[in-house]
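The following note sets out some points for a colleague to consider when reading this model.

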Amino acid sequence: MTAAPLQVVTVAHVEILVEEPSMEATLRLIVPKIVRDLSFQVYTYQCKQDLLDKLPSRLQGYAAWLPEDWRIIVIVDRDDDHCNQLKRKLETATKNAGLRTRTHGQGPVQVVNRLAIEELEAWFFGDWEAVRTAYPNVNKNIPNKQGCRDPDAITGGTWEALERIFERAGYFRKGLRKIEASRAIAQHMNPQINSSRSFQAFRDSLGEMMP
């Protein structure tokens, strides 16, 4: 079946469900840069599994009252999961709740499911100038190094890779403080130049919701 195109609609408010506080911290700063003056709220779960476990009932609750001009975005880290299987799990939960996505249902899309591949920190690797503005001592040549050229293909964990880079530059020697780093980097991010494809998918989905 061919997926229906994501329809352009006027949206009054967006509910965003995420798995961790560092993603919430990032989105609160980056969403207004993508869509100015958009009303939105971010809800954080205890972890990825907590979000996945509670998502079906949460979506069923939304289905009972969601206004026509409200939308929902669900963002989870891919981590080591198979991309298609994880996306299918999100799409199935949405379909079972009776809500519409790009691939299920007729009419304006109500829910957009997005993966951060492999983790939120890939979005930071996708805008290294923002990282360097927040933390000037980090190596400026990181995006040109083997293994870092594609932010969504960094192996061994993107947050671990970022932590090692910070430690070598003299930051976070006692461990990466993810929320602090997320806020510091996100305030300098430029959504239009980010090279992470998973970030681009999120950015474009959000932008397409607005006229």
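1. A polar contact is taken here as a pair of N or O atoms within 3.5 Å, where, within protein, one atom must be able to donate a hydrogen and the other to accept it. By that criterion, the side chains of Ser 198 and Asp 152 are joined by a polar contact of 3.0 Å. A polar contact of 3.1 Å also links the side chains of Ser 198 and Ser 196.

2. The model is predicted. Its average pLDDT over the chain is 91, and 95% of the residues score at least 70. Residues 1–7 call for caution: pLDDT stays under 50 over this stretch, for which the model has 10 contacts beyond four places in sequence.

3. Ser 198 belongs to helix 8, residues 197–208. Is Ser 198 buried or exposed? Its relative accessible area is 5%, under the 20% limit, and therefore Ser 198 counts as buried. Setting aside residues up to four places away in sequence, Ser 198 touches Leu 115, Ala 116, Ile 117, Trp 123 and Asp 152.

4. The largest nonpolar core comprises 48 residues, and those with the most contacts inside it are Ile 16, Leu 27, Trp 123, Phe 166 and Phe 202. Helix 1 supplies the largest share of this core, with 5 residues. Another core, of 19 residues, lies apart from it and includes Leu 52, Ile 72, Val 74 and Leu 99. In soluble globular proteins, nonpolar side chains tend to be buried together.

5. Ile 16 touches Leu 27, Val 31, Phe 40, Gln 41, Val 42, Tyr 43, Ile 73 and Ile 75, when residues up to four places away in sequence are not counted.

6. Ile 30 lies in helix 1, residues 21–34, and is buried, with a relative accessible area of 0%. Beyond its neighbours within four places in sequence, Ile 30 is in contact with Ala 186, Met 189, Pro 191 and Phe 199. Cys 47 is 17 residues from Ile 30 along the chain, and their C-alpha atoms are separated by 21 Å.

7. Helix 2, residues 48–63, reaches 22 Å from its first C-alpha to its last, close to the 22 Å expected for its 16 residues. Where does helix 2 kink? A kink of about 50° lies at Leu 55, shortly before the proline Pro 56. The buried residues of helix 2 include Lys 48, Asp 50, Leu 55 and Tyr 62. Its buried residues pack against strand 1, strand 2, strand 3 and helix 3.

Terms used: Residues numbered from 1 in each chain as written. Predicted model: local features only at pLDDT ≥ 70, side-chain atom pairs only at ≥ 80, totals over all residues. Heavy atoms only, no water. Helix = DSSP H or I, 4+ residues; strand = E, 2+ residues; numbered from the N terminus. Buried < 20%, exposed > 50% of the residue type's maximum accessible area, 1.4 Å probe, protein only. Contact = heavy atoms within 4.5 Å. Core = buried A, V, L, I, M, F, W, Y, C linked by side-chain atoms within 4.5 Å. pLDDT = per-residue confidence, 0-100. Expected span 1.5 Å × (residues − 1). Bend = angle between axes of the 7 residues up to and from the residue.
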